[in-house]
Amino acid sequence: MNEHFFSDMSVMFGRSMRHILRSLDTIFTVCITPIAMMLLFVYVFGGAIQSGTENYVNYLLPGILLIAIASGISYTAYRLFLDKQRGIIERFHSMPISRSAVLWGHVLTSVVSNAISVFVIILVAFMMGFRSSAGILSWLAVAGILLLFTLALTWVAAIAGLSATSVEGASVFSYPLIFLPFISSAFVPTETMPSVVRAFAENQPVTSIVETIRALLSSQPTGNDIWVALAWCFGIFIVAYLLAVRAYKRKS
């Protein structure tokens, strides 16, 4: 690792964040769809869905947050693809800076921009009647899990951005990730699903993450869900990170 890695990374992070701040519409775009879905499911479908909770927005919020993050990381792939296509990455590599700092700058920007989106969505949820009995430690645990989930998906986005051959290819990968919460316990209990769908829903990463966040926000025991959620997040993070670094070296 270059001895100036952290200073180089802060410069790359600042550069990427300035792009975000100059086009805040990207954050608003990421927020609009999840908020619209939350409004639709709570005020239109909520009365017909038996979730086992008095306030459906409390049940729904964890899944909405994951959808927002899955949507937000597509911009990381898009920005990386543009840097690669325009030769900006090669220009940075010709300078005396750490090569990996360029990649980490995009990753940290994804974390910050998605954190802003999550914060906005939680504020809207409170306006819609969301209430939580969670203490500060539970909220910190929720923040930690969302951070790990964001990092894991951001490295997946990095693979797409570095490997894509078109703008569409760089961003279309996020669609299955956005759709995944619909086949989980994010909107309805898995017990209501047909056996085959239920088997998939109960053994994919989103369900364990949703159940963990839901339990933490309602001050309920998380059981084994938290360990399964952490295993999924760390596993995806490690595999995606290694593949992204490999793809980055090939493009260098």
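Biologist: What does a side-chain oxygen of Gln204 reach at the start of α11?
Modeller: In this predicted model, that oxygen comes to within 3.0 Å of the backbone nitrogen of Val206. Helices here are DSSP runs of H or I with at least four residues, numbered from the N terminus. Residues are numbered from 1 along each chain as its sequence is written, and side-chain values use heavy atoms, with hydrogens and water left out.

Biologist: Which element has the highest mean pLDDT?
Modeller: Helix α11 (residues 205-217), at 95, whereas helix α8 (residues 167-172) has the lowest, 78.

Biologist: And how many residues of α11 are buried?
Modeller: Of its 13 residues, 12 are buried, meaning under 20% relative accessible area, where exposed is over 50% and partly exposed lies in between (1.4 Å probe, protein chains only). Arg214 is among the buried ones, at 11%, but Glu211 is partly exposed, at 26%.

Biologist: How do the side chains of Arg214 and Glu211 meet?
Modeller: They form a salt bridge at 3.2 Å, N to O, the term covering a side-chain nitrogen of Lys or Arg within 4 Å of a carboxyl oxygen of Asp or Glu.

Biologist: Switching topic, where do Arg15 and Asp83 lie?
Modeller: Their side chains meet in a salt bridge of 3.0 Å, N to O. Arg15 is in helix α1 (residues 5-22) and Asp83 in helix α4 (residues 74-85), so the pair ties together parts 68 residues apart in sequence.

Note on methods. This is a predicted model: local features need pLDDT of at least 70, side-chain atom pairs count only at pLDDT 80 or more; totals for chains, interfaces and linings use all residues. pLDDT is the predictor's confidence in each residue, from 0 to 100. Helices (H or I, at least four residues) and strands (E, at least two) are DSSP runs, numbered from the N terminus. A polar contact is a pair of N or O atoms within 3.5 Å; within protein, one must be able to donate a hydrogen and the other to accept it, and residues adjacent in sequence count only if both atoms are side-chain atoms.
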